[in-house]
Amino acid sequence: MDQLGAMKAFVRVVQTGSFSAAAREQNTTQATISKKVAALESLLGAKLLTRSSRELSMTEVGAVYYENCVAIIAELDEAQAQVRSQQASPKGILRVTAPVVFGCQFIAPILGDFLKSYPEIKVDLMLSDKHVDLVAEGVDVAIRAKQLEDSSLVARHLFDNPLVAVASPQYLNRFGEPKAPSELKSHNCIVYSMLKSVNIWHFEQTGGSVDDIAVPVSGNCRCDNGEAILQLALDGVGIAQLPTWMVDEHIEQGKLNRIMPNYLSHPLPFNAIYPQSRYVPLKVRCFIDYLKQRLAEDSSYR
């Protein structure tokens, strides 16, 4: 049997969630994919997947074997990429995950040009504000607005994500405008629930001697999606702390006001994250380089 082919089939069944989806991706039949996985199970003498009419799940041994397969296939892809980088163009499926708002506002509009530049790359773009396990999900690149917390991953800095505190004119007319971070304690603040320090906002005073002003905030609404938080702020629900590239247009139109202009919110670093290995696949390097180039050309992200 073609063990490597069977391993790849098994990995894609897990990642796509079904035999039929993996078959469509590989331009073959569901029966062929099923036979490959069955042959792999027979070779190993172990059940890798549990199948029912409604769902597909890995067995305990299957989950361990899956992680090993992903690592082995990645090593092979990297070795091939290292050779191709000297004589060929990048190719293959590039799985990218990014926050919903950034993915819609920046990545999606430039993706067409990227695919034209690299016609042999196919992009699988997954937009989610949830934390994704890159190895378990078979993700090549994750775009994250946070510090790197896992030593098994590599971070390439894309840009610093400046934040501003904003509120709608309606909210400020009703509840007044805070002049200093300490006054936020008496205001309704909309917090982003995906950060570790959910209820702590950080500021520094312009030209001041205090490096970090940490303020505990609270409110009647928290959310795991930046776009929803923006809409809540526009609707006058409360004060939000959001990236400048999300709110600049609304500030110019008078729909939002920047508050406490003498205090700067601490920026969050935006990084491209990928698994640490000896060779970075060419498709990954090309995508990250392209992102950095386009970000450098866009004044909204400086």
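In which helix does Leu44 lie? Leu44 belongs to helix α3, the subject of several of the views below, which are drawn from a predicted model.

**View 1. Helix α3 from end to end, residues 30-44.** The helix is made up of 15 residues. From its first C-alpha to its last, α3 reaches 21 Å, close to the 21 Å expected at 1.5 Å a residue. Just after α3 comes Gly45, which takes a positive phi of about 70 degrees.

**View 2. The buried side of α3.** Ile33, Val37, Leu40 and Glu41 are the buried residues of this helix. They lie on the same side of α3 because the arc they cover around the axis is only 100 degrees. An α-helix has 3.6 residues a turn, so residues three or four places apart point the same way.

**View 3. The face of α3 turned away from its buried side.** Exposed residues Lys35 and Ser42 are carried on this face. Lys35, which lies in α3, counts as exposed because its relative accessibility is 62%, and the cut-off for exposed is over 50%. Lys35 and Ala6 are 29 residues apart along the chain, and their C-alpha atoms are separated by 8.7 Å.

**View 4. A nonpolar surface patch made by Met1, Leu43 and Leu44.** The area of the patch is about 290 Å². Leu44, a residue of helix α3, counts as partly exposed, with 35% relative accessibility.

**View 5. Cysteines Cys189, Cys221 and Cys223.** How many disulfides does a search of the whole structure find? The search finds zero. For Cys189, the closest cysteine sulfur is that of Cys221, at 12 Å, which is too far for a bond. For Cys221, the closest cysteine sulfur is in Cys223, at 6.3 Å, and this too is too far for a bond.

View 6. Cys221 counts as partly exposed, at 24% relative accessibility.

Note on methods
Residues numbered from 1 in each chain as written. Predicted model: local features only at pLDDT ≥ 70, side-chain atom pairs only at ≥ 80, totals over all residues. Heavy atoms only, no water. Helix = DSSP H or I, 4+ residues; strand = E, 2+ residues; numbered from the N terminus. Expected span 1.5 Å × (residues − 1). Buried < 20%, exposed > 50% of the residue type's maximum accessible area, 1.4 Å probe, protein only. Arc of directions from axis to C-beta. Disulfide = S-S within 2.5 Å. Patch = residues over 30% accessible without salt bridge, like charges linked within 9 Å, V, L, I, M, F, W, Y side chains within 5 Å. Areas by Shrake-Rupley, 256 points an atom, 1.4 Å probe, with all protein chains shown as cover. Salt bridge = Lys/Arg side-chain N within 4 Å of Asp/Glu carboxyl O.
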